[in-house]
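Here is a short briefing for a first look at this structure. Keep the sequence and the 3D view open while reading.

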Amino acid sequence: MRGWLPTGGGLRDEDWARRHRLLTMLLASTVPGLTVFGAARGGLDADWLVTVLLVLPCVVGAVLMPARRLPSIAVAAGFTIACAGFVAMSDGLTESHFSFFVAVAALALYRDWAPFGAFLVSTTLHHAVFGTLVSEHTYDHRSAELHPFTWALLHGLAVLLAAAFQVVAWSLTEAEERRAEDNLAESKAQLSVAFDETPVPMAMLAPDGRLLRTNSAYRSWLGLPAELPAGFGVADLPMTPVDPAEAGVFEALTQATDPVTFTTAYRRHDDGSVMHVEVHSNGLRDRDGKLRLIFVHCMDVTRQQEHEAALRRQVRQDSLTGLLSRAAFEVDLFAMLSADTAPVSVLYLDVDRFKTINDGSGHSAGDDVLRALAERVTRTVPAGSLVARLGGDEFVVALPGPQETGVRVGRAVLAALAEPLPVAGAQLQIALSIGLAVAHGPRQAEQAVLAADTAMYAAKRAGGNRLELFNDDMRVAVQQRITAESRLRQALDGRREATLPVWFQPIVSPATGLIVGAEALVRMWTMEGELLAPGHFIAAAEETGLVVPLGEHVLAQALRHLHRWRDELGYVSVNVSPRQLSEPGFVPMLAGLLAASGLDDRARLVLEITETALLSNSVDLQDRLHALKALGVRIALDDFGTGYSSLTWLQSVPADIVKLDRSFVAGLASDPRKASIISAVLWLARSLGMSVVAEGVEDIADWDALRTADCPAIQGYYFSRPLTPEDMHAMLVRPRELSLEAA
């Protein structure tokens, strides 16, 4: 039974005080209430006077007495007196007894047995004693006057039943509060574990900056003691903002209405190091919006900041020379042109014959040359100039000033390079080709670099070690290159079979006049309906890298037609550019195309590689060529005889076919020296197990000379221009022999 009863006394001091104040005010209000009631009943009699004189001391006692019990008992006694007086003043009216039920409910607010029990006992005694002694003032019916104890018991029982329900409600409330307290205690324990044991530094701050609570990670991070001194605040932390303007960060936190995150650099007091701290802050406010607490958790992001700074430096700086990178130069050049209306001179620098340095001394020596060159150029150009390495051995300089200023600086750079560069303990002489263009306004930034690049190539073509100025003739070439690139991109984005058709030029046996093979040659239809030969767009494709998807398209079309002409055509040769050959994915791409083509004999595909590609390719050439040979295709050495070491390539390159350049073939019949050279090449090729194709045959005399020299195959306009696939197919199904008489 005891377990079902409420224990009482569980109210907090402020809650009890608020309830006591309410009940005291209600008790005090009974005095004017009874006065008004008595006056309305016909006058203030002795019952009113006694009641008021007894209630007032109870009110005074409720206000002045200390602790809880005595003031609450005084209120209970006052309510008993007020209810009894009300009954007496109403001559025992039954309805007036309801006031006792109201008082029972009111005193239950104390949730304390002392005032509650005192009221129940005094109420029962009142009904028993006064019902016997002055029954006419206690009950208003005859039965109660004759049997006062019975009616006292009935009234007391009714009050007790009303009180019982108050006790039940009181007990249920205490049970619910205990569960809420248990849940709160568990939540606090979980929060305490999460707060104290987390490795992330956390702190709770008062609005005045005092540290109310910190976890061990926070104290360990800042080297604070386990117990902080009283009043220890944010200003006492052993760190100071590096930027004085960020000293008011805490004030900003107190004013923030939403969670905030910020990163600040601080200097530690213990070792003087700088650390970057990312602070996440959340202010806790009461229902009135008043800040009660600031919760922060801190992350030391010093390494992250240093890493990001290093990445920014990598983006802005060339890793080899420390100069500006291409991206940073473009940004800074745009800013330089935007900041002033004055022109800006752009110098494009390229090392002459730099590949010979890499090949002769190694790539490490080449890197040393680039670093030494960067240092000398930086010392030579005026302060405030932009100096960048664009890649490889290409550099660019931008400086404020007209063309005359650029010419003067360009010549100064050439003069500075007249002195050898100190490289690895030796003195190395190098030369530069420099192109100069002038930009007016930020819109010309990109065009100026491109124009300077064009002028630099003009300097190289003129022999190198010189400065060339961009002119209108070069401007036309640049515009043509831009137009070619735009057209090529549009063609690649369209239906390639239609926009980039692949034609075929027959390769013929001069002995029989039969077609033995063909070379695949791409064409391009423009948006205006004009058909362009490769010379109009191949250079742009090489420079922009678009030759990679273009070359894949040509290979795919060549393989498709090889499969179609499997009974009519021996092989198809496809040109492979230096850019394609250097792509890491070239061999896997070709393997995929071959696998999808259904080609029965992969040797029917011939890849033509120029001597220029062999000279300029930076990949391991032998590995790449042997990987191609492993796929089963054949390799042709194109434009043979135009390079510096053609005979050497015959020995070192695993080629199957040698294609003699048209410069050797044209006029062959009338030039005995050419005839001797071709005879020697034919003999050498046969001795190495290679076949030969002579290109550019355009008249019958050269045809006859090649046939006399026993050249296996010829290609040229004399037999046929490049043909559409349809025309090529028609020629294949109606083979013709070309004889001297037919010609």
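Predicted model: local features only at pLDDT ≥ 70, side-chain atom pairs only at ≥ 80, totals over all residues.

Strand E22 is mostly covered.

**Aromatic pairs**

- Two rings, those of Trp-16 and Tyr-110, form a tilted pair, with 6.0 Å centre to centre and 35° between the planes.
- Trp-16 belongs to helix H1 (residues 13-40), while Tyr-110 is in the loop between helix H4 (98-107) and helix H5 (113-133), so this pair ties together parts that are 94 residues apart in sequence.
- Trp-16 is buried, at a relative accessible area of 9%.
- Tyr-110 is buried too, at 2% relative accessibility.
- Phe-100 and Phe-119 make another tilted pair, with 6.3 Å centre to centre and 40° between the planes.
- Helix H4 carries Phe-100 and helix H5 carries Phe-119, so the pair ties together parts that are 19 residues apart in sequence.
- Phe-100 is buried, with a relative accessible area of 0%.
- Phe-119 counts as buried because its relative accessibility is 1%, and the cut-off for buried is under 20%.

**A charge over a ring**

- The ring of Tyr-571 has the charged end of Arg-634 over it, 5.0 Å from the ring centre.

**The second largest pocket**

- The lining of this pocket consists of 37 residues.
- Nearest its centre lie Glu-519, Leu-521, Pro-534, Asn-575 and Asp-638.
- By type, the lining residues divide into 16 nonpolar, 11 polar and 10 charged.
- Four strands each supply at least two lining residues: E15 (515-522), E18 (571-576), E19 (605-610) and E20 (634-640).
- Helices H18 (538-544), H19 (547-564), H20 (578-582) and H22 (611-616) also each supply at least two.

**Strand E22 and its partners**

- Strand E21 (residues 657-660) runs parallel to E22, and 4 bridges join them.
- Across from Leu-660 stands Ala-694 in E22.
- Strand E23 (residues 713-715) is also parallel to E22, joined to it by 3 bridges.
- Val-693 has Ala-713 in E23 as its bridge partner.

Key:
Residues numbered from 1 in each chain as written. Heavy atoms only, no water. Phe/Tyr/Trp six-rings, centres within 6.5 Å; stacked < 30°, edge-to-face > 60°. Buried < 20%, exposed > 50% of the residue type's maximum accessible area, 1.4 Å probe, protein only. Lys NZ or Arg CZ within 6 Å of the ring centre and 35° of its normal. 1 Å grid on protein atoms, 1.4 Å probe; cavity = no way out; pocket = protein on both sides within 12 Å on 5 of 7 lines; lining within 4 Å. Nonpolar A, V, L, I, M, F, W, Y, C, P; charged D, E, K, R; others polar. Pairing = 2+ DSSP bridges.
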